[in-house]
Amino acid sequence: MEEDLLHQAYDPETFRKEGQQLINQLSEYLKETLSGYGPVLNYSDPKEQLELWKKDVSESGSGVDTANILKHITRVHHPRYMGHQVAPPLPVASLMALLGGFLNNGMAVYEMGMAPTAMEHLITGWLCRKVGYSSSARGILTSGGTLANLTALLSARRNGVAEDIWNRGYSGGLAILVSEAAHYCVDRAARIMGLGEAGVLKVPVLENFSMDTSKLPGIYEAARQKGLTPFAIVGSAPCTATGSYDHLEALADFAEENDLWFHVDGAHGGPAVLSEKYKFLVQGIQRADSVVIDGHKMMGMPVITTALLFSDGATSYNTFSQEAEYLLADTVEEDWSNGAKRTFECTKLTSSLTWYAVLKQYGEPIFEAFLNRQYDLARSFSDLIRERPNWELACEPQSNILCFRWAPLGIPSGGLDEINENIRKKALEEGRFYIVQTRLKGTLYLRTSLMNPFTGTAHLSELLTYLETLGQVFLGNE
Ligand SMILES: Cc1ncc(COP(=O)(O)O)c(C=O)c1O
């Protein structure tokens with residue numbers, strides 16, 4: 001009986017039939033969704049979803065109802081999807097994720113992922129060159145910007161602090177400098193490393209939400225006087241909420257003057273290094289000791305794959321090792337092919353397959369074309385917002401992220417927060433568009449990340465009209 005069940009579960013013909021059905025279903029989904037047909041999501045609350053799937057899973061053996069799954073997800077391929085920063089993955093990359101999941105090579109040691117390991121080496125090498133690093137740079141792929149930022153900060157401490165914390169433990173007194181607008185995972189990484197609240201020196205931001213670098217010397221000196229030793233500075237390229245880039249050249253200067261490790265969190269907008277038009281935004285990135293770039297945000301990869309790059313490859317080998325290796329000596333053969341030595345993960349995704357497929361199929365230009373289009377679109381959207389009465393921008397967009405709010409005259413500021421919150425809630429429930437919200441300096445803003453290459457200005461005009469209609473309803477005018 002058990003034998004039968006296992007044979008049935010691995011039956012190649014069943015796999016062929018179900019696989020073909022799934023691909024057919026997804027092709028139809030793609031056609032329909034890209035055309036903008038139907039809602040972006042059919043929102044239902046967590047309790048409802050739980051009940052639905054509790055019932056479904058209790059009907060064991062009745063087959064997987066993929067059609068029903070497709071009804072209860074958020075359609076990132078939809079041109080009216082403008083919410084969180086995940087890419088509508090390039091279909092060829094999604095196929096590679098399926099291939100990786102099927103083969104299940106665990107990557108912890110070379111022979112458990114020979115082709116993907118070689119691809120990872122080539123892809124991270126290519127990205128290092130695009131960042132502007134020299135031939136001593138090396139990179140790895142890991143699962144997400146959060147983990148990559150933590151890994152980079154661990155490397156920063158391992159390589160930049162004389163105390164042997166990796167072997168002996170931490171006795172306190174270290175700190176990092178980071179913008180108050182940086183993604184929360186940097187703060188979280190520092191706390192995981194034991195730095196505590198006092199060890200995260202938050203630098204205020206300018207009106208455009210990029211780090212106010214004029215504040216750096218004062219914050220640094222005050223920390224030193226309190227007995228803290230800053231060892232790293234983190235630049236956001238860009239920060240998450242408003243998509244504003246820090247002035248990386250100024251951060252690099254400050255890092256150099258004070259002997260700090262300079263890390264750039266380019267999870268979202270690091271791929272600007274591939275754009276002739278927008279690479280001015282990341283000027284100075286080549287001076288960073290480490291850089292993070294997510295594949296699943298602005299590079300069209302499925303969740304989840306992140307490149308962590310080191311300007312000096314030797315530092316990446318030190319992060320998790322008992323003995324510090326100071327050089328990649330010419331005489332010692334570099335152990336690039338056993339990736340687990342340099343990543344937090346033991347078993348990890350073969351996500352290099354997705355990067356490989358996109359590069360092989362479409363070449364480098366696809367990344368530049370996508371980034372340019374989306375960044376241009378955000379600038380057109382800000383024009384549309386400025387042209388309309390009663391709309392306010394939080395700041396001019398630097399990337400493809402834009403924060404704005406409806407601000408009809410005569411309503412006190414707290415009231416505007418409530419109206420915009422209600423607008424966003426109603427929009428979520430109706431599912432015609434998917435946008436999110438954020439709080440900036442205490443004020444609530446609506447927020448869009450223009451992630452979809454099929455979103456156009458017509459969709460954005462329609463969005464503003466739609467949101468305004470919802471707002472009028474809350475004001476009791478309709
Ligand atoms: C600037 C920045 N850094 C880090 C992260 C976290 O990356 P991940 O979601 O890949 O863990 C994000 C996510 O939005 C981000 O915007």
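An open sheet of seven strands runs in the order β1-β7-β6-β5-β4-β2-β3, with mixed pairing; two strands pair if DSSP finds at least two bridges between them. This is a predicted model, in which local features need pLDDT of at least 70, side-chain atom pairs count only at pLDDT 80 or more, and totals for chains, interfaces and linings use all residues. Residues are numbered from 1 along each chain as its sequence is written, and side-chain values use heavy atoms, with hydrogens and water left out. Helices (H or I, at least four residues) and strands (E, at least two) are DSSP runs, numbered from the N terminus.

- The edge strands are β1 (138-142) and β3, each of which pairs on one side only.
- Neighbouring strands of the sheet are turned by 20° against each other on average, direction ignored; the axes are lines fitted to C-alpha atoms, and angles run from 0 to 180 degrees between N-to-C directions.
- β1 pairs with β7 (residues 306-310) in the antiparallel sense, over five bridges.
- Thr142 has Thr306 of β7 as its bridge partner.

**Helix α10**

- Leu216, Ile219, Tyr220 and Ala223 of α10 (residues 216-225) are buried, meaning under 20% relative accessible area, whereas exposed means over 50% and partly exposed lies in between (1.4 Å probe, protein chains only).
- These four cover an arc of only 100° around the axis, so they are on the same side of α10; the arc is that of the directions from the helix axis to the C-beta atoms.
- An α-helix has 3.6 residues a turn, so residues three or four places apart point the same way.
- The buried residues of α10 pack against β2 (174-179), β3 (200-203), β4 (229-236) and α11 (248-258), with contact meaning heavy atoms within 4.5 Å.

**Helix α3**

- The 13 residues of α3 (residues 46-58) should span 18 Å at 1.5 Å a residue, and the end C-alpha atoms are 18 Å apart, which agrees; the expected span is 1.5 Å times one less than the number of residues.
- Of these 13 residues the number buried is one, so α3 lies largely in the open.

**Cysteines**

- The whole structure holds zero disulfides, a disulfide being a pair of cysteine sulfur atoms within 2.5 Å.
- Cys128 is in no disulfide, and the nearest cysteine sulfur, that of Cys185, is 20 Å away.
- Cys128 is buried, at a relative accessible area of 3%.
- Cys395 is also in no disulfide, with the nearest cysteine sulfur, that of Cys403, 6.6 Å away.
- Cys395 is buried, at a relative accessible area of 12%.
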